[in-house]
Amino acid sequence: NHWLKIKKAIVSSAHYKTCEQKLRIINCYIGDMPISQIKTANVQNIIFDLSSLNRWTGKPTAKRTLVEYRSVCRQVFQLAIENRIIDYNPASSVKIVSNQLKKERRALSVEEQGWIINTPHRAQKAAMIMMFAGLRRGEVIPLTWNDIDFEAGTIRVNKSVFKEGTRFNIKSGAKTESGNRVVNIPQILIDFLKLQPKDTILVCPDTKDVMMTETSWRRMWDSYIKDLNIKYGDLNGKRSKYDPKGVPITIPRITPHWLRHTFCTLLYLSGTDVLTAKEQMGHSDIKTTLGIYTHLDKEHKRNAVSKLNEYIETHASHMQVKNS
């Protein structure tokens with residue numbers, strides 16, 4: 001509880017609620033134990049239990065979330081050390097099982113990018129901006145037309161939103177200090193945005209021309225995925241998202257992060273250096289950008305080798321080694 005008080009004073013309300021929720025679950029395991037008696041095995045068992053099945057969600061916990069649980073434990077125990085209550089941190093050597101679920105974060109294929117470009121919808125503006133400028137959802141929602149310089153071909157990112165309940169509140173500045181940036185945008189996005197009506201201050205308002213809430217964003221995005229599914233999915237003749245029997249989603253469920261990841265991939269493919277990519281993406285740590293670039297580098301090298309193999313197989317008859 002003392003740790004939570006400190007957290008509340010230094011983090012956003014959304015981050016605080018996440019910490020509070022995770023600590024509440026941790027307390028279900030070890031909350032009634034004297035802190036001096038908690039061992040590494042006790043904390044490790046929490047991670048093992050959550051990794052196999054989180055009883056509160058009914059499914060295994062993703063690796064990233066397990067890391068967050070461990071981080072909460074480490075911070076609480078570190079505070080206890082600083083207050084001379086315990087001598088060592090029992091969470092410091094806790095291991096995260098390496099084969100845990102990890103949410104897929106990938107770039108859109110060229111075909112999927114075409115879906116975004118060629119499908120009119122209320123969410124298309126947001127999708128185009130995330131895909132061709134790399135803005136986060138929380139940066140798109142408060143974006144105004146004044147932030148876009150059509151002559152210079154730039155978007156100025158200088159504010160973001162944080163969640164309180166189901167509502168978003170604007171805060172000055174981006175998600176991180178390095179998130180405050182000027183993004184150079186490609187001509188395809190400039191041309192698209194020039195054609196959009198500019199009846200409101202916000203670029204992507206809700207249906208009432210005010211800033212979106214968590215609920216209005218989710219409804220808009222769900223509708224968008226359904227429209228993309230109707231147009232491009234394999235639906236066996238079903239062509240109405242209002243079918244009372246429901247329409248199965250047969251396309252990948254594209255997320256805002258996939259679109260942002262697509263922008264980073266486009267930067268890589270265009271030969272943009274990693275430092276410039278870091279600035280354009282608004283990453284706080286260049287390791288994040290390097291991680292994406294390194295992964296893409298390996299992926300494209302694999303593709304190059306595959307093409308080499310295909311070429312050799314195709315021309316194998318002309319490449320026979322003759323015995324001397």
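**Exercise 1. The second largest pocket**

Task: Determine which helices each supply at least two residues of the lining of the second largest pocket, and describe that lining.

Solution. The model is a predicted one.

Step 1. The helices that each supply at least two lining residues are α1 (2-10), α2 (13-30) and α4 (63-82).

Step 2. Of the helices, α4 gives the most to this lining, with 5 residues.

Step 3. The lining consists of 18 residues, and those nearest the centre of the pocket are N1, L23, N27, I35 and V76. The volume of the pocket is about 370 Å³.

Step 4. Sorted by class, the lining of this pocket comprises 13 nonpolar and 5 polar residues, with no charged residues.

**Exercise 2. The largest cavity**

Task: State how many cavities of 30 Å³ or more the structure holds, and identify the residues that line the largest cavity.

Step 1. The structure contains 1 cavity of 30 Å³ or more.

Step 2. The volume of the largest cavity is about 30 Å³.

Step 3. Its lining is formed by L135, E139, P142, L143, D147, R156, V157, N158 and K159.

Step 4. By class, this cavity lining has 4 nonpolar, 1 polar and 4 charged residues.

**Exercise 3. The packing of α1 and α4**

Task: At what angle do α1 and α4 pack, and which residues meet?

Solution. The packing of two helices is described by the angle between their axes and the distance between the axes.

Step 1. The axes of α1 and α4 lie 10 Å apart, and the packing angle is about 110°.

Step 2. Angles of 65 to 115 degrees count as roughly perpendicular, so α1 is roughly perpendicular to α4.

Step 3. From α1, the residues H2, W3, I6 and K7 meet V72, Q75, V76 and L79 of α4.

Step 4. The residues of this contact are 5 nonpolar, 2 polar and 1 charged. V76 of α4 takes part in the contact and is also among the residues nearest the centre of the second largest pocket.

**Exercise 4. Two partners of α9**

Task: Describe how α5 and α9 cross, and then how α6 and α9 cross.

Solution. 

Step 1. The axes of α5 (residues 110-118) and α9 (residues 214-232) come within 11 Å and cross at roughly 115°. This angle makes α5 roughly perpendicular to α9. The crossing of α5 past α9 is right-handed.

Step 2. In this contact, G114, W115, I116 and N118 of α5 meet Y224, L228, K231 and Y232 of α9. By class, the residues are 5 nonpolar, 2 polar and 1 charged.

Step 3. The axes of α6 (residues 124-133) and α9 come within 10 Å and cross at roughly 85°. These two helices, α6 and α9, are therefore roughly perpendicular to each other.

Step 4. On the α6 side the contact involves Q124, A126, A127 and M130, and on the α9 side W217, W221 and Y224. The contact of α6 with α9 has 6 nonpolar residues, 1 polar residue and no charged residues.

Note on methods:
Residues numbered from 1 in each chain as written. Predicted model: local features only at pLDDT ≥ 70, side-chain atom pairs only at ≥ 80, totals over all residues. Heavy atoms only, no water. 1 Å grid on protein atoms, 1.4 Å probe; cavity = no way out; pocket = protein on both sides within 12 Å on 5 of 7 lines; lining within 4 Å. Points joined across faces, edges and corners; volume = space filled by probe spheres on them. Nonpolar A, V, L, I, M, F, W, Y, C, P; charged D, E, K, R; others polar. Helix = DSSP H or I, 4+ residues; strand = E, 2+ residues; numbered from the N terminus. Axes fitted to C-alpha atoms, helices over the stretch in contact; angles between N-to-C directions. Parallel < 35°, antiparallel > 145°, perpendicular 65-115°, else oblique. Left-handed = near helix turned anticlockwise from the far one by under 90°. Contact = heavy atoms within 4.5 Å.
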